[in-house]
Amino acid sequence: MRMDKIFDVIIIGGGPAGVSAALYAARGGMSVCVVHNKKSALHSAKRIENYYGTGAVEGAALYDAGLAQAESVGAVVISDEVTFAEFDGKRFVVTAVGGKYSAARLVVATGASHTRSKIEGLDKLEGKGVGYCAVCDGFFYRKKAVGVLGAGDYAEHEYNVLCGFAGKTYLLTDGAVPSFSAADTIDKKISRARVGENGRFCGVEFADGTTLELDGLFVALGVLGSSAIAKSMGVFTDERGAIKVDGNGMTNVAGLYAAGDCTSGIKQIGRAVADGMTVGTALAKEFAAEKRAADENKNNG
């Protein structure tokens with residue numbers, strides 16, 4: 001496979017963290033490539049009401065506007081699926097379905113990975129009553145009946161958040177033994193998701209034939225994971241799988257940065273934008289310092 005182009009920095013992920021990093025790096029004079037696959041949590045969000053200055057906005061519209069803004073300042077935006085990345089000690093090489101790209105620096109801004117449920121019909125209802133972030137969407141289920149699917153730390157976090165919003169919150173373990181105590185726990189196996197006449201999720205059917213009516217379900221299986229691509233290059237992660245970074249967003253691998261939901265912290269757009277700004281600013285400063293040093297060496301030579 002050919003090497004399509006060499007950049008100063010490659011950013012994997014086109015969500016708020018990746019685009020924010022791209023804006024600051026590009027405006028700092030760097031050649032920037034953003035590789036994205038539209039699988040950002042932002043792109044699948046149906047309605048966002050808690051981000052500054054936008055009012056109510058559809059996630060896909062905000063996602064696309066961000067990519068257009070990155071292109072307007074000179075960033076190259078490529079829609080592709082990254083399959084592999086490696087570091088030879090000097091440059092990062094990112095392999096995607098459509099080509100190979102190389103850069104001296106790499107930013108991982110892929111968001112948090114979610115463990116998908118194998119329950120029949122559940123995946124098709126994402127954004128239609130089924131979600132993955134209680135902090136993002138719990139507000140829409142005030143005084144309603146919701147369920148949390150899971151049994152570990154991630155499920156505990158979502159359950160505690162929803163208890164502050166919902167009228168009734170059920171922990172559905174799908175037969176697993178929970179690692180924490182919840183007031184309303186149902187440990188029966190789930191056979192399928194139920195769909196209402198409006199095409200939205202309306203509850204679950206258990207293996208014993210009984211049903212539970214719900215207004216929404218939050219899938220919280222496993223943990224909020226980090227990028228397998230970053231970890232394959234020796235990046236350190238915490239006990240929950242989030243990528244560890246310093247104050248500038250750099251990992252333990254020199255030149256490899258991470259921003260947004262793949263690092264630890266609250267999973268919100270505002271925080272992702274701030275992370276991207278931090279990384280993009282650090283990249284621009286580092287690039288400027290190297291350019292000055294190169295010019296001084298040239299003049300002295």
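Okay, radius of gyration to start: here it is taken over C-alpha atoms, and the globule rule is 2.2 Å times the number of residues to the power 0.38. With 301 residues, that rule puts a compact globule near 19 Å, and our protein has 21 Å, which agrees.

Quick housekeeping. This is a predicted model, so local features need pLDDT of at least 70 and side-chain atom pairs count only at pLDDT 80 or more, while totals for chains, interfaces and linings use all residues. Residues are numbered from 1 along each chain as its sequence is written, and side-chain values use heavy atoms, with hydrogens and water left out.

Now the overall picture. The C-alpha trace spans about 80 × 40 × 35 Å along its principal axes. You'll see seven helices and 15 strands; those are DSSP runs numbered from the N terminus, helices being H or I with at least four residues and strands being E with at least two. Of the 301 residues, 46% count as buried, meaning under 20% relative accessible area, with exposed being over 50% and partly exposed in between, for a 1.4 Å probe and protein chains only. The protein exposes about 14,600 Å², and carbon and sulfur atoms supply 51% of that.

On to contacts, which are heavy atoms within 4.5 Å. Take pairs at least 6 apart in sequence: 55% of those contacts join residues at least 24 apart. For a local example, go to Thr 83 in strand β4, residues 82-87. Skip its neighbours within four places in sequence, and Thr 83 touches Thr 95, Ala 96 and Val 97. Thr 83 and Val 94 sit eleven residues apart in sequence, and their C-alphas are 7.9 Å apart.

Over in helix α7 we have Asn 297. Buried or exposed? Exposed, because its relative accessible area is 55%. From Asn 297 to Val 77 is 34 Å, C-alpha to C-alpha, across 220 residues of sequence.

A pocket here is an open set of points on a 1 Å grid over the protein atoms alone where a 1.4 Å probe fits, with protein on both sides within 12 Å along at least five of seven lines; lining residues have an atom within 4 Å of a point. Sixteen is the lining count, written 16, and Val 19, Tyr 51, Gly 66, Gln 69 and Val 273 are the closest to the centre. Helices α1 (16-27), α3 (59-72) and α7 (269-300) each give two or more residues to that lining.

Methods:
Areas by Shrake-Rupley, 256 points an atom, 1.4 Å probe, with all protein chains shown as cover.
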